[in-house]
Every structure is written in structure tokens, then in C-alpha cells.
Amino acid sequence: APKFRGVVVRRLTPQINGPGGIFETVLNLHSMVYPVKSLKIDRRNGKIRYPSGAEIKFQHCQYEDDKTNFQGWQISSALLDEVQQLTKPMVVYIMSRLRSEAKDKSKMRMTCNPAGKGHWLSQWLEWYLLPSGLPDPERCGKVRWFTMQGSEMIWGNTAEEVQEQVPGCKPLTFSFVSATVYDNPVLMERQPEYVSWLEG
């Protein structure tokens with residue numbers, strides 16, 4: 001879609017542009033679908049433009065004030081990679097930019113590693129976790145509903161449950177999907193020793 005505008009966010013620029021970083025990884029994946037010459041690749045500004053006119057921008061958000069760099073943006077899709085490295089105000093601010101002229105609904109996806117007790121992300125995921133802190137296989141993948149009230153998320157298992165708590169709100173959906181290294185068969189085939197590195 002020509003009006004699609006995506007953004008990929010990491011905390012630091014070297015995490016985006018480093019060897020095997022997310023920018024290089026995305027380009028490698030795209031080369032399987034698009035002839036590389038059909039893409040306009042702006043490495044300096046971290047931008048990929050597609051033949052349709054759609055664009056993806058790679059952006060860091062290192063300091064709290066960096067979130068205002070997203071001011072005025074209209075984002076069709078946001079991917080926050082290693083979101084546990086970002087602060088809650090950063091994530092909430094980027095979430096507020098999810099509006100777009102593209103035909104599909106705007107959405108946000110986040111990847112994370114365990115954040116630990118007391119971390120804002122652990123609080124968002126609490127319903128999906130066992131008392132031990134590990135993912136609850138019975139709940140992972142289930143859709144929940146939420147709305148923001150100030151900087152707090154108000155949760156419910158249905159949109160109606162949220163609206164009972166915050167009348168007149170328009171709840172959004174949220175889901176958490178747990179995965180381990182064993183859920184990545186390509187990596188396991190290419191680098192079976194990676195598990196040993198993680199364990200070490």
C-alpha cells in the first residue's frame with residue numbers, strides 16, 4: 001500500500017546498524033522477495049522505500065526525550081524490538097502515533113526477553129504468566145482488551161469489561177505469544193550450538 005508507513009525501533013542506533021542487526025536482517029529477508037534494486041535503501045537515514053511507495057523507517061529511542069522525535073508521525077505499523085530496553089513512557093508515546101492513511105488498521109508488535117519482577121512490561125504481561133514468572137501455556141496467545149487512562153492500562157477479558165470500568169472508551173486488543181529458541185527451527189538448524197551459548 002503506497003501510504004503504509006512502518007517504523008522499527010531499538011534503544012540504540014548500533015543495535016539497528018551493527019553486524020547482523022535488525023536493518024541488515026530485514027534487508028536479507030527482503031532480498032528473498034524483492035529484487036534489491038527495486039528497493040530504495042537509505043542506510044544513512046535508516047529507511048527502506050518499496051516500489052509501491054510504502055516505507056519503513058528504523059529509529060532509535062535512547063533517551064526519554066527522544067520519544068518526541070515521533071511527534072506528528074502517522075504510523076501504520078510499529079515494531080519495537082527488545083521492548084524491555086525501552087521505558088513505558090516511550091512505548092506509550094509511540095503507541096499514540098498509531099494512525100495512518102493506509103487501508104489496514106494500525107498495529108504495534110513488540111519483541112522482548114524476560115524483564116524481571118517490578119518492570120513495567122512484566123506488569124503488562126502478568127495475566128499471561130504463572131506465579132513462577134514463566135509463561136502460562138493455557139493463556140499465551142489469548143486476546144485481551146485494554147484502554148489507557150493516563151499512563152495506566154485498564155484490562156479486561158472482553159471489550160465490555162473494559163468499558164464497564166471506563167465508560168465511553170474504545171478498547172484495543174492485546175496478546176502475548178511466548179517463544180523459546182526451540183521455536184526457531186531455522187536458527188536451530190544453522191547454529192545448533194546457539195543453545196549452548198545461551199546456557200553458558
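**Cores, sheets and helices of the predicted model**

Leaving aside neighbours within four places in sequence, V91 is in contact with L80, V83, L86, M108, M110, W120 and W124. Contact here means heavy atoms within 4.5 Å. The model is a predicted one: local features need pLDDT of at least 70, side-chain atom pairs count only at pLDDT 80 or more, and totals for chains, interfaces and linings use all residues. Residues are numbered from 1 along each chain as its sequence is written, and side-chain values use heavy atoms, with hydrogens and water left out.

Confidence comes next. The score pLDDT is the predictor's confidence in each residue, from 0 to 100. The protein averages 90, and 95% of the residues score at least 70. Helix α5 (residues 159-165) has the highest confidence, at 97. Helix α7 (residues 194-199) has the lowest, at a mean of 66. Where pLDDT is low, the predicted coordinates should not be read in detail. Helices (H or I, at least four residues) and strands (E, at least two) are DSSP runs, numbered from the N terminus.

V91 belongs to the largest nonpolar core, which has 25 residues. A nonpolar core is a set of buried Ala, Val, Leu, Ile, Met, Phe, Trp, Tyr and Cys residues joined through side-chain atoms within 4.5 Å. Buried means under 20% relative accessible area, exposed over 50%, and partly exposed in between (1.4 Å probe, protein chains only). L80 and V91 have the most contacts inside this core. At least two of its residues come from each of β1 (5-10), β5 (77-80), α3 (88-95), α4 (120-125) and β8. The largest share, 5 residues, is supplied by α3. Another core, of 12 residues, lies apart from it, with I16, F23, I48 and A54 among its members.

Helix α3 is mostly covered, with 6 of its 8 residues buried. These are K88, M90, V91, Y93, I94 and M95. Their cover includes β1, β5, β6 (107-110), α4, β7 and β8. In the loop between β5 and α3 sits E82. E82 is not a glycine, yet has a positive phi of about 55 degrees. Its relative accessible area is 19%, so E82 counts as buried.

An open sheet is formed by 6 strands in the order β2-β3-β4-β1-β5-β6, with mixed pairing. Two strands pair if DSSP finds at least two bridges between them. Strands of a sheet pair through backbone hydrogen bonds, either parallel or antiparallel. The edge strands of this sheet are β2 (40-42) and β6, each pairing on one side only. Neighbouring strands are turned by 15 degrees against each other on average, direction ignored. Axes are lines fitted to C-alpha atoms, for helices over the stretch in contact, and angles run from 0 to 180 degrees between N-to-C directions.

Strand β1 is largely enclosed by the rest of the structure, because 5 of its 6 residues are buried. β1 pairs with strand β4 (residues 55-60) in the parallel sense over 6 bridges. R10 stands opposite H60 in β4. β1 and β5 also run parallel, joined by 4 bridges. There, V8 has L79 of β5 as its bridge partner. Strand β3 (residues 47-49) and β4 run antiparallel, with 3 bridges. R49 is bridged to E55 in β4. Helix α2 (residues 22-30) packs on the sheet and touches β1, β2, β3, β4 and β5. The direction of α2 makes about 20 degrees with that of β3. Helix α3 lies across β1, β5 and β6, running at about 150 degrees to β6.

A further open sheet has 3 strands in the order β8-β7-β9, with antiparallel pairing. Its edge strands, β8 (152-156) and β9 (172-175), each pair on one side only. Neighbouring strands here are turned by 45 degrees against each other on average, direction ignored. Strand β7 (residues 143-149) is joined to β8 by 5 bridges. W145 stands opposite G156 in β8.

A search of the whole structure finds 0 disulfides. A disulfide is a pair of cysteine sulfur atoms within 2.5 Å. For C61, the nearest cysteine sulfur is that of C112, 17 Å away. C61 is buried, at 0% relative accessibility. For C112, the nearest cysteine sulfur is that of C140, 11 Å away. C112 is partly exposed, with a relative accessible area of 33%.
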